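Hi everyone, thanks for coming. I'd like to walk you through one structure today, starting with its charged pairs and then moving inside.

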Amino acid sequence: MSEGETKNVLKTMADDRMCFACGPDNPHGLHLSFDYGDGEVTTRHTFDGRYQGYSGVVHGGLVSTVLDETMVTLLNRMGLLAMTAELTVRYSSPVPVGEEVTVTARLVRSRRRVHEVEAEATLPDGEVAATARGRFMSLGPLHDEAPSTG
């Protein structure tokens, strides 16, 4: 992406508070909130039956959404406006509807404008339900007029 193209994208990326994952004004959204500390971002969420795939099990796409959002929020909290370039998710256990899942993300490495981040979704008993690894492209510094997820 050229510098001019990046500036055009940044202009259109206003935070209208309607993000599906974290937007407080989206009536159909997840309304995620995040804690940041020690180089990690964490969110906790309990999915209800609207988000199930198989009976009693959260749809994997929603688990993936929360993993992705937590990783990009980490970069936002580091002052970077970033977008997902690649996302790999590995599921190891179903996330039951009605059970809190904790998702934590941490930076693996940064090279120029590409940042590698990993995250895991953990059930209340400590079992890891899913892990993710993502590559994110930085579009520049996060400014007040740009979106701040979470």
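Let me begin with a term: buried means under 20% relative accessible area, exposed means over 50%, and partly exposed is in between, with a 1.4 Å probe and protein chains only. At 32% relative accessibility, aspartate 48 therefore counts as partly exposed. Before going on, please keep in mind that this is a predicted model, where local features need pLDDT of at least 70, side-chain atom pairs count only at pLDDT 80 or more, and totals for chains, interfaces and linings use all residues. Residues are numbered from 1 along each chain as its sequence is written, and side-chain values use heavy atoms, with hydrogens and water left out.

Now, which residue does aspartate 48 form a salt bridge with? The partner is arginine 50, with the closest N and O atoms 2.8 Å apart. By salt bridge I mean a side-chain nitrogen of Lys or Arg within 4 Å of a carboxyl oxygen of Asp or Glu. Arginine 50 is exposed, at 61% relative accessible area.

How many salt bridges does a search of the whole structure find? The search finds nine. One of them joins arginine 106 to glutamate 40, at 3.2 Å between the closest N and O atoms. That pair links distant parts of the chain, 66 residues apart: arginine 106 sits in strand β4 and glutamate 40 in strand β2 (residues 40-46). Helices (H or I, at least four residues) and strands (E, at least two) are DSSP runs, numbered from the N terminus. Arginine 106 also meets glutamate 118 in a salt bridge, 3.7 Å from N to O. Here strand β5 holds glutamate 118, 12 residues from arginine 106 in the chain. Glu40, Arg106 and Glu118 belong to a salt-bridge network that also includes Arg109, Arg111, Glu116 and Arg133.

The largest nonpolar core has 31 residues, and Phe47 and Leu67 have the most contacts inside it. Such a core is a set of buried Ala, Val, Leu, Ile, Met, Phe, Trp, Tyr and Cys residues joined through side-chain atoms within 4.5 Å. Helix α2 gives the most to this core, eight residues.

Finally, the structure holds one aromatic pair. The ring centres of phenylalanine 47 and tyrosine 51 are 5.9 Å apart and their planes lie at 70 degrees, so this pair is edge-to-face. For Phe, Tyr and Trp (its six-membered ring), pairing requires centres within 6.5 Å; planes under 30 degrees apart count as stacked, over 60 as edge-to-face and the rest as tilted. Both phenylalanine 47 and tyrosine 51 are buried.
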